[in-house]
Amino acid sequence: MTRGNRAQELNRERQMFEIRRAFVTAALGAGVMALAGSASAAPRPLFPFAMPEPPQAAQPAPSDEGDAPFELPARFKRQVVTYPTREAAGTIIIDTPNTYLYYVLGNGQAIRYGIGVGRDGFTWSGTQTITRKAEWPDWTPPPEMIARQPYLPRQMAGGPGNPLGARAMYLGGTVYRIHGTTQPSTIGTHVSSGCIRLTNPDVTDLYSRVSVGTKVIVLPMDRRA
């Protein structure tokens with residue numbers, strides 16, 4: 001390499017060094033300015049994305065007191081009791097004034113059920129027999145009931161919402177039945193149009209014990225069993 005070429009090469013290297021130095025100086029200046037500006041700004045969060053809030057424990061829904069199961073008073077719960085009678089085992093005796101139904105077992109004992117009976121003016125008495133049994137019966141209100149309560153349905157299919165409940169036992173040729181109810185709170189009251197009502201578990205139990213032809217004695221209001 002000649003002396004002239006060597007001088008040109010050194011000159012180019014010097015120019016490149018000056019360019020690099022100018023670039024580094026400019027970069028450092030920009031960094032200092034950025035740091036100075038960030039000092040006056042609000043500090044940035046460590047994590048730039050939103051942190052999810054911790055899950056909260058599920059709160060129980062408020063209880064609906066209307067859904068609470070109805071508890072029958074102890075005296076209206078199904079139970080075996082002492083019951084002297086001359087009637088044969090298998091007979092049903094309706095104690096209207098005390099709102100009890102007795103299923104005679106014999107030997108001075110009976111199964112006693114709490115019942116709802118006819119309201120004032122709708123009680124009756126006499127002896128009938130069970131002429132028909134039905135599970136989850138349809139309900140067809142008799143004409144006289146519709147005349148008193150025109151808003152009643154003319155016919156309602158059997159099911160959990162049917163007023164006759166889970167079972168029905170029809171009494172002779174009358175419009176009266178021993179049946180279940182969707183309103184267990186009416187047990188022990190005088191509320192019906194003459195029918196005898198039991199809770200659905202009780203009417204199901206009684207239904208399993210009786211047959212068509214079973215004798216049913218309904219006592220009048222002025223007579224105690």
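## Salt-bridge exercises

Glu-71 is exposed, because its relative accessibility is 54% (exposed means over 50% relative accessible area, buried under 20%, partly exposed in between, with a 1.4 Å probe and protein chains only). Before you start: this is a predicted model, where local features need pLDDT of at least 70, side-chain atom pairs count only at pLDDT 80 or more, and totals for chains, interfaces and linings use all residues. Residues are numbered from 1 along each chain as its sequence is written, and side-chain values use heavy atoms, with hydrogens and water left out.

**Exercise 1.** Find the salt-bridge partner of Glu-71 and classify its accessibility.

*Solution.* 
- Step 1: apply the criterion, a side-chain nitrogen of Lys or Arg within 4 Å of a carboxyl oxygen of Asp or Glu.
- Step 2: check the accessibility. Lys-77 comes out at 35%, so it counts as partly exposed.
- Step 3: The structure holds 6 salt bridges.

**Exercise 2.** Work out which parts of the chain the Arg-78 and Asp-205 pair ties together.

*Solution.* 
- Step 1: get the distance. The two side chains form a salt bridge at 3.8 Å, N to O.
- Step 2: Arg-78 sits in the loop between helix H1 (3-40) and strand S1 (79-82), while Asp-205 belongs to helix H3 (residues 200-209), so the bridge ties together parts 127 residues apart in sequence. Helices (H or I, at least four residues) and strands (E, at least two) are DSSP runs, numbered from the N terminus.
- Step 3: compare the surroundings. Arg-78 is partly exposed at 39%, whereas Asp-205 is buried at 16%.

**Exercise 3.** Trace the network that runs through Asp-205.

*Solution.* 
- Step 1: look for another bridge. Asp-205 also pairs with Arg-209, at 2.9 Å from N to O.
- Step 2: note the spacing. Both residues lie in helix H3, 4 residues apart, or about one turn of the helix.
- Step 3: join up the shared partners. Arg-78, Asp-202, Asp-205 and Arg-209 end up in one network of salt bridges.

**Exercise 4.** Locate Asp-120 and say whether it is buried or exposed.

*Solution.* 
- Step 1: Asp-120 is in the loop between strand S5 (117-118) and strand S6 (126-135).
- Step 2: its relative accessibility is 77%, so Asp-120 counts as exposed.
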